[in-house]
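Welcome! Let us take a friendly walk through this model.

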Amino acid sequence: MSKLIYLDNAATTSVRPEVFEAMKPYYLENYSNPSSVYSFAGEAKKAMEDARKVIADSLGAAATEIYFTGGGSESDNWVLKGVAEAYRAKGKHIITSKIEHHAILHTCEYLEKHGYEITYLDVDENGLVTPEEVEKAIRPDTILISIMFANNEIGTIEPIAEIGKVAHEHGVLFHTDAVQAYAHVPINVQEMNIDMLSASGHKFHGPKGIGFLYMSNKVKIGPLIHGGSQERSRRAGTHNVPGIVGMAKAAWLAHAKMDETIAKETALRDHLIGRLEKEIPYCRLNGDRVKRLPNNVNFCFRFIEGESLLILLDQNGICASSGSACTSGSLDPSHVLLAIGLPHEIAHGSLRLTLSEDNTMEEMDFVADQAKKIVERLRSMSPLYDDFVKQQKKQ
Amino acid sequence: MNYSEKVMDHFNNPRNVGEIENASGVGTVGNAKCGDIMRIYLDIDEDTKIVKDCKFKTFGCGAAVATSSMATELVKGKTIYEALEVTNKAVMEALDGLPPVKVHCSLLAEEAIHAALWDYAEKNHITIEGLKKPKTDISDED
């Protein structure tokens, strides 16, 4: 096998060596529990508060508005369940979209079982939610609008500032799941009218098992995890100090050279998209071409199935993912691809490649070459392609 | 991917991919909506009723390709009556097993053989004892 080409950075990323080094002392030397009284705990506590400040600054927020959690899913669960409970006197209606991550969608389904009403907004063929549609869905009993910053599968970046504006005009809280966007594209919670924002450390070269929730001081919700008085009594559990320090280090590194990273990733992305589109017939780029994460490439190749494609890419050292049913563990392909209007059989042939700044143009060319060969090979075995070609000949 | 070596071998080097012109019987099963379609072609000797050749084309996952490939191998050289006995269990065993979520692929392979035999029986106006009209068809799509 050739060398590994990792193109699944939307699933997780490598931990930067600087991040790992920053974390080490908080395992080996300053291993104290920052909630302890003795002076030995002071250093861990200071490191944690410095980390909180770094993250707050990166968003234009106050340090008191950053709550450390176990990751993106916990942050999403906390927002939905917390707002549902705290604001139920106002109403039991929540607005979200059909293309959210399962951490949002499955939590919404849970709330539906408990008497809440959820509006799942449609998206257009590129996966965009419009502020107008959001506004139309708002009712007097709407307590929360939760729209993802950028989609994890197709990379579409939503008009967050505009949606936030609509939410605020109607006095409704606005949350965004920014797990794929934070530390990848600029975010300012003030300018973008965001009341709550979920993020996860391991999506931007930080450690796994740590994330945060930005929550504006105006939002008053109770804890999801009950117990000790950590995080101003809103999130119990001994602080994951190494994780917090590592996540902040990763966030700092990402923000320090964000423009450069975006430029590099965009160039790689557009080169790969260009080659795949040009060289593989009957394909479709999924997601918005412009309002798109700099590291996301997502295609459907007609007449083939995603898992087969992934196995063959894997055999060439390429790590990728797909929205096919076989990779989702159900009979249905990705809900995101169905929501943008793709028929099942086309959605089964999807391929997601998510880059990082560590990738190179040579890798993009290698991937394009391999993808072309593999798609041809699978099509030569596909009865759907057969039928299509025969149909074409008849016409 | 939790596939056995045999499954990977049949996925990487599928046996009998292709089609047979003027095949004695062709069966297509599965449905694009679920992500698997198998088409099996049989070339059957009119006198001996032996499957002289068998080819397939499959749209589907690794397991779908491997089960199609193995099914064609198992059917080749057998009489149509013996071919009918090639069950999904036999295909799975020959592949050293399949992950639980992929068992339906082996059922599809069995059905594809049955569908091809059914086509053959219909074309030749004969009845093959024990052969029922195949259930799934791609025209089921909604």
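Which residues touch the most other members of the largest nonpolar core? Among its 154 residues, they are Y214(A), A112(B), I113(B) and A116(B). This is a predicted model, in which local features need pLDDT of at least 70, side-chain atom pairs count only at pLDDT 80 or more, and totals for chains, interfaces and linings use all residues. Residues are numbered from 1 along each chain as its sequence is written, while chains are lettered from A and ligands numbered from 1 in the order in which they are written. A nonpolar core is a set of buried Ala, Val, Leu, Ile, Met, Phe, Trp, Tyr and Cys residues joined through C-beta atoms within 7 Å; buried means that 20 or more other C-beta atoms, placed from the backbone, lie within 10 Å of a residue's own.

Helix α5 of chain B (residues 103-123) gives this core its largest share, nine residues; helices are DSSP runs of H or I with at least four residues, numbered from the N terminus. Setting aside residues up to four places away in sequence, A112(B) touches G27(B), V29(B), M38(B), I40(B) and A71(B), where contact means C-beta atoms, placed from the backbone, within 7 Å.

Now follow α5(B) to its meeting with α2(B): their axes, lines fitted to C-alpha atoms over the stretch in contact, come within 9 Å and cross at roughly 40°. The two helices are therefore oblique to each other. On the α2(B) side, the contact includes A71(B) and V75(B), and on the α5(B) side it includes A112(B) and I113(B).

Definitions and conventions
Buried ≥ 20, exposed ≤ 12 C-beta atoms within 10 Å, placed from the backbone. Contact = placed C-beta atoms within 7 Å. Axes fitted to C-alpha atoms, helices over the stretch in contact; angles between N-to-C directions. Parallel < 35°, antiparallel > 145°, perpendicular 65-115°, else oblique.
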